[in-house]
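Hi,

Here is the structure I promised to send over. Have a look at it first, and my notes on the helices follow below.

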Amino acid sequence: MSAPQPFHTTRWSLVLAARDAQRPALEELCRAYWLPLYAYARRSGFESHEAEDVVQAFFARLLEKRDLAAVGPEKGRFRSFLLVALRHFVANWRDRERAEKRGGGRVRSSTGLDLDLPGADARLAQMAPATDDPERAYEQVWARELLRACLEDLGREYAGSGRGAVFDELKDGLQGTLGEGQVAERAERLGLTAGALKVALHRLRTRFRDKVRERIAATVESEADVDDELAALLRALAG
Amino acid sequence: MPEARHCTDCGTALQPDGLCPRCLLLAATAPSGSGGAVPPREVPTPQELAEHFPNLEIGELIGQGGMGIVFRARQRGLERPVALKLLAREIAAEPGFAERFAREARVLASLAHPHIVQVHEFGQRGPWYFFAMELVEGASLREMLRARSLSARESLAIVMQMCDALQYAHDRGVVHRDIKPENVLVDRSGRVKILDFGLSKVAGAKPGDTLTRTDQVMGTPHYMAPEQWERPETVDHRADIFALGVVFYELLTGELPLGRFEPPSHKVVVDVRLDDVVLRTLAKEPQRRYQHASEVKSAVQEVGLPPPLPPTPAPAEVPRPAISRGSALIQALRARTATRLAPHVEPFPLALKIAISLAIFLACGFAALAYLLLLSA
């Protein structure tokens, strides 16, 4: 789920503000968040092939639509907007499928979006979203993917500036506490003093926090919504 | 498919790299500058301690936290069980500690209240600054929250006891500063006991110190009042009221009040009048909160306790001590808060009904089959 351009230049708020939906911007957002959609489709009962078709066709349709003004209040959050749109799409899909079968032949849409769909089932299995409900699965996978992407970004950033070893040693410190013993061990492995290690950890935590907020900000309408979205994601993971 | 591993703190399924997404996200929601607790590496053995504490029989290690370690012990002569809390050496090594300890420990020991863990003795023995406290056989609210949700009635009963303790301490000029579910114990008779009153002041915690301190003695960020971060010099007892509000919300809903959170009555079945009470304790500005813990208690009493739940059988035991303990304590809490009920008639269990119906159905089926066989013979 890595975008070729820096992620933070694409903001849902900009997409919404533009009079015509900006196709490249929207494409980039879609490329980042297709796995939750796939999870929704799978949990809705579609087999892998068909779930693939659903996701590709959904994006094709979304990217062709020029007018986002018709979207309701949920448009403030990209996550909610996508879910509502997908829900309608899937409902109509089944009708369309029935019609197409009678017509004899299925048309596979191609969006030109390069999605790693074959790997998707394996990734979903690893996440083990603990629910049969398609919407809750969507929310959980969304939250997990967001975090995974942030970690990946951060890792790349550190590796790029020659601090890959620091990232590897300290990343589990992002989620909680490191004991005095662990600090000493890792400091030794990295050739730092314990004090310097703690500073590095603090910096890593701050950077991670900033990344998470940045990435979330790109999916909501305004900065004020970031805390709410964080709370919503936490609730999603509690399931 | 390999079983997903789960986080030992919150139970969420781990990512493939072993990290917990929920813990990561929680850490990302904390205000910047907060770190994590670093427990002391050196844990003395009971034998080592014995020479410093001749008047105590030292038992097992029962707790380890950011501020220090706790042993079970028994006061000789009195034969009284106590909890021996040893402050982390890094804390004691800080400049100004000895003076702070001398000044504050006496005040803490003078707090005598049924809902505050009693300090019996304090001082320094060898390298260890210590408190010998009342030993509470029970569980913390954190363990109880993990075990199962508390009913609204139980939550309110807990909050009211906390209010009594807080008001008592505040009247004596003591602010806790670190109220959180880990610091609120419930004993076997369902009585609340608040732990570690004023300890963060003894330890010299100051927000913004995280970079230079080797340990983390600040409050868990989610329970800290905004002024503890923004204007720490202005912090007073109303910070405890905020923290009480966070705990209150968490007890009722099982969640932390983050961002634009929903009022409790939108999340669980509670009296809507409680919403105002909880929201007021959580006001960002101290002057907009209740100004006294006793006011919070009165407000809750005015709303009134919901009716008690009928006695339920103990939930199926999961092999995790925390859950069994939590459940047992909830039973005790229920017993404490329940009024006398009419003799409770246990409804004929549904499972049994189904089993019996199935048995009858099968019996009829076999009878029919036998009859048919007989006919065809």
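At what angle do α3 (residues 34-43) and α4 (residues 48-64) of chain A pack, and how far apart are their axes? The angle is about 130° and the axes are 9 Å apart (axes being lines fitted to C-alpha atoms, for helices over the stretch in contact, with angles from 0 to 180 degrees between N-to-C directions). α3(A) and α4(A) are therefore oblique to each other (under 35 degrees counts as roughly parallel, over 145 as roughly antiparallel, 65 to 115 as roughly perpendicular and the rest as oblique). On the α3(A) side the contact (heavy atoms within 4.5 Å) includes Trp34(A), Leu37(A) and Tyr38(A), while Phe58(A) and Phe59(A) are among the residues of α4(A) that take part. That contact divides into nine nonpolar residues, one polar and two charged (Ala, Val, Leu, Ile, Met, Phe, Trp, Tyr, Cys and Pro count as nonpolar, Asp, Glu, Lys and Arg as charged, and the others, Gly among them, as polar).

Before you go further, some housekeeping. This is a predicted model, where local features need pLDDT of at least 70 and side-chain atom pairs count only at pLDDT 80 or more, while totals for chains, interfaces and linings use all residues. Residues are numbered from 1 along each chain as its sequence is written, chains are lettered from A and ligands numbered from 1 in the order in which they are written, and side-chain values use heavy atoms, leaving out hydrogens and water. Helices are DSSP runs (H or I, at least four residues), numbered from the N terminus.

Next, α7(A), residues 134-160. This helix has 27 residues and reaches 38 Å from first C-alpha to last, close to the expected 39 Å (1.5 Å times one less than the number of residues). At its start, a side-chain oxygen of Asp133(A) comes to within 3.2 Å of the backbone nitrogen of Glu135(A). After α7(A) comes Gly162(A), with a positive phi near 75°.

α7(A) also packs on α1 (residues 21-29) of chain B, at about 70° with the axes 10 Å apart, and that makes the pair roughly perpendicular. Arg144(A), Leu147(A) and Leu151(A) meet Pro21(B), Leu24(B) and Leu25(B) there: five nonpolar residues, no polar and one charged.

Finally, the axes of α10 (residues 194-217) and α11 (residues 226-238) of chain A come within 10 Å and cross at roughly 100°. Val212(A) and Arg213(A) are among the α10(A) residues in this contact, and Leu230(A) and Leu233(A) among those of α11(A).

Cheers

Technical notes: Helix = DSSP H or I, 4+ residues; strand = E, 2+ residues; numbered from the N terminus. Polar contact = N/O pair within 3.5 Å; in protein donor to acceptor, adjacent residues only side chain to side chain.
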